[in-house]
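This note is meant for a colleague who is meeting the structure below for the first time. The points that follow may be read alongside the sequence and the model.

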Amino acid sequence: MTWWRKWLRRLFAGNKRIVADKGVVKKFRKRYAKFRKLLDANAALADIMTELEVKIDGKSMFGVLYVRRMVEQAVEFTRRMTLSLEEMNPGKHRGLNKAFTEIGEKVRVIMDDSAALKDLCPHLTLPLCDIHAGMVDWVGGKCANLGEMAGRAGIPVPRGFAVTTTAFHRFMAHENLGKDIEDMLARLRHDDLENLSAILNAIRARVEGASLPDDLSEALEESLRRTFGEEKVYLAVRSSAQVEDGRKSFAGQFLTDLGVSRDKFTHSYRRVVASLFTPSATLYRMHQGIPISASAMGVGCLEIIEAVSSGVAYSHDPVDLMSDTMVINGVWGLGSYAVDGVVEPDLWVFSRQEKPELLRGRPGDKERKLVISSSGTPVDSRVPDEERRRFALSETEVQELAGLILRLEQHYGVYQDVEWAKTEGNTFFILQSRPLGACSDSSHVPMPPLLEQYPLLLEGGDIAYAGVGFGPVVMPRTSADLLNFPDGGILAAVHSNAEYSVIMDKAQAVLTQTGGITGHMATICREYNVPTILNVPGLMQILQPGMEVTVDAFSGRIYAGKAEELLPLRASRDSVRLLDTPVHALLRDVAEHILPLNLTDPFSSSFSPVGCQTLHDIMRYVHEASYQEMFVISDSATDAGGVALKLKAPLPIDLYLIDLDNGTTVAPSARSVTPEEILSVPFKALLGGMLRPEVMFHKPRPVNLGGFLSVVREQIVNPQAGERFGDKSYAVISDRYMNFSSRVGYHYSVLDSYCGNTVSKNYISFSFQGGAAGEIRRIRRIRAIALVLEELGFTLVTQGDFVKARFQKYPKKSVVDRLDQLGRLLQVTRQMDMLMVNDAAVLHFKENFMKGVYH
């Protein structure tokens, strides 16, 4: 064959190789894209499950539409996770789709059986006294709460009624109003504010100018007569949309119309309905993926109370928790000036016994007040000098109010933040009552003060479940330790772990140095009502096994010894929690197929698709399996060598990089890359550790003669045991991902990591295997490596001369630090098996490494 034919054959063979290599990289990118989608769905599903756990306690109102939305989203995100895993490795995870389908069918049956609950209310209006908290879908959240107080709680509220969501649907159906709105919304472009504003202005004008159906007009007039007779009253017409009770508050998005006369009520009703279509409310709804069909507007029609005095009350002192007192503030006129801090209010402090006792009072300097004018609108006026420092309530009146506030707390089962008003006829009305400081399940008790009489060991962290616990610190490190966990112990751990579920019925409290409130263990802690604080700085350095501590999971403090003042808070509060409503029963029933976690041990035989009984189980299985799918990506990295970038760095390995997405700054045509051109967060951290001057060998490494002869002997006696791996090493990288396979002589390691700003996505998975020395020395080296990894916070599995380690759900900074340490470890463990001459060498290596002594 002539020379030019040989040259052409080599040329075309090289082109074919490059095409094949690019195909491998394309497969890598596809798998990585599926992995990213899976992590995104996992994070969203974790948030949904956390919220469902909070809602299932029954401490806040919600409706069937809320349950349906949350369940649909939970099913959808689970579907996305299973689909992404299947696409990462088709056909491998047999039975997963079957498990998902069976669980989904059980959920569907429960939700279909709830159809009666979502039927439209048979009435266009309802008196407040006929409404309760389970009727959110009929009247919206605000009206449901007022009705709950008026009816079941027997608390005086302003006279009024609710215009139901059925009335809203009748209004939308009349004269094609709803169809016209849909047509206009179809032209809406949310990225064009000018277009959005013009269309929404047109929609609001259409709503405000539309006529009401005759039966709705008659129902509104009849409700006004039935509620107020022929009296001249001024009204507060308030929004009460269905979506206001869901995951998002819609706070301030909708209209409340004050000072409305009877003849203007129907116009005001239309104005409140039209406020569904303000730009802010519409964008908010669109961003949350809430359709207009799920946004029906209930409307509250309430009498404006012409208050002589008003104010705010807390059923428990929000500052001094230990005092067991309630606090009441008051001003002249409307309560806005007390709420907004315009004037100094009166202060009364009561005991919290069955018949509250006034402990002390202090009049405020109330120089101004807000009153209702003759036209029904609020106006500011000056308080006469002789009235400024006079109490706005008599002792008898404030005593009555204190009893009323305690009744509210007893009904709702949690401390209450109450707005009240008193008329000229000395009648009290409750305008609003809500959990004191309510923003999550950990905020129903005001923050306890610092107890200076006890040594404060630790403070801070994220409260996953509020409460108080006392007992000895227990730091389990093995499965046997978990089995022997004592009753009443305080679990203290470096990291959250779902395997701790086995001790939840024994633990007084749970503390971890890291972990997320949407993680699996936080879920289990809430299920068991165990006081839990995660991400406690310095936890494992300060606490010691056996130390008795008091955990205050209200304020995030940990005291040495028994803090007697906090112990009464250990008992869970018995609250009404509205658990007797059909909608809560529905949530409980459907949550049985969503929230419980049964798959806690990845090494158990039941950790499989067949073992999945809930959506949470599928989430856990898919999450774990996805790590494994990315971990083995290194097996085919050598197939992409033709398009890999050679790393130019002073390393003892021949390393090539495959950039999936923004892992480097080099041009597509480049054939090499330097450390300075690396963008990948995890690989940059690993490389930083490998290139540290203190771990580099600048001269031949000292060799123990016995260790060297062990290597030679092993190669002669058992050559297959010391099979030499290929010379090239590969790293598949992106901006936040890395899969690094290192083949050095007789050693083989794989490191897979994702490192970003979302804690729940972050992980490091690392394995190390091989060696050329005899079995005993190889095992000693694995023990030494395992000791270092355990000290760094990894969870481990070791077998013979193989170790596999996992570090997951930590902040970016922690992951970067561990990758840097792994880079150092990979450098100093080369030929280390020859140095493992005895068991003492194992501990010696670990201690030196942690001190930064590498040679």
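**Notes on the predicted model**

1. His616 has its place in helix H19; helices (H or I, at least four residues) and strands (E, at least two) are DSSP runs, numbered from the N terminus. At 1% relative accessibility, His616 counts as buried, where buried means under 20% relative accessible area, exposed over 50%, and partly exposed in between (1.4 Å probe, protein chains only). His616 and Leu45 are 571 residues apart in sequence, yet their C-alpha atoms are 8.9 Å apart in space.

2. Residues are numbered from 1 along each chain as its sequence is written, and side-chain values use heavy atoms, with hydrogens and water left out.

3. On the overall make-up, the protein has 24 helices and 30 strands. Of its 855 residues, 54% are buried. Among contacts (heavy atoms within 4.5 Å) between residues at least 6 apart in sequence, 67% join residues at least 24 apart.

4. Which residues have the most contacts inside the largest nonpolar core? They are Phe35, Val67, Val590, Ile594, Tyr621 and Val622, in a core of 54 residues. At least two residues of this core come from each of helix H1 (3-55), helix H2 (64-88), helix H3 (96-113), helix H18 (582-591), helix H19 (615-631), strand S23 (654-661) and strand S25 (728-734). H1 gives the most, with eleven residues. A second, separate core has 49 residues, among them Ala731, Ile782, Leu819 and Leu825. Here a nonpolar core is a set of buried Ala, Val, Leu, Ile, Met, Phe, Trp, Tyr and Cys residues joined through side-chain atoms within 4.5 Å.

5. A helix pair deserves attention. The axes of helix H6 (residues 165-173) and helix H10 (residues 265-274) come within 12 Å and cross at roughly 90 degrees. That makes H6 roughly perpendicular to H10. Axes are lines fitted to C-alpha atoms, for helices over the stretch in contact, with angles from 0 to 180 degrees between N-to-C directions; angles under 35 degrees count as roughly parallel, over 145 as roughly antiparallel, 65 to 115 as roughly perpendicular and the rest as oblique.

6. On the H6 side, the contact with H10 is made by Ala167, Phe168, Phe171 and Met172, and on the H10 side by Tyr269, Arg270 and Val273. These residues divide into six nonpolar, no polar and one charged. In this grouping Ala, Val, Leu, Ile, Met, Phe, Trp, Tyr, Cys and Pro count as nonpolar, Asp, Glu, Lys and Arg as charged, and the others, Gly among them, as polar. The buried residues of H6 are Thr165, Thr166, Ala167, Phe168, Phe171 and Met172.

7. Most residues other than glycine have a negative phi. Glu175, in the loop between H6 and helix H7 (177-186), has a positive phi of about 50 degrees although it is not a glycine. Glu175 counts as partly exposed, at 48% relative accessibility. Lys809, in the loop between strand S30 (802-808) and helix H23 (812-828), likewise has a positive phi, of about 60 degrees. At 13% relative accessibility, Lys809 counts as buried.

8. Rings of Phe, Tyr and Trp (its six-membered ring) pair if their centres lie within 6.5 Å; planes under 30 degrees apart count as stacked, over 60 as edge-to-face and the rest as tilted. By this rule the count comes to 17 aromatic pairs. Tyr454 and Tyr559 form an edge-to-face pair, 6.4 Å centre to centre with 70 degrees between the planes. Tyr454 lies in the loop between strand S13 (428-435) and strand S14 (456-459) and Tyr559 in strand S21 (residues 557-560), so the pair ties together parts that are 105 residues apart in sequence. Both Tyr454 and Tyr559 are buried.

9. The rings of Phe807 and Tyr810 are stacked, because their centres are 3.8 Å apart and their planes lie at 10 degrees. Phe807 is buried, with a relative accessible area of 1%, and Tyr810 counts as buried at 4%. Elsewhere, one aromatic cluster is formed by Tyr32, Phe35, Tyr737, Tyr754 and Tyr763.

Terms used
This is a predicted model: local features need pLDDT of at least 70, side-chain atom pairs count only at pLDDT 80 or more; totals for chains, interfaces and linings use all residues.
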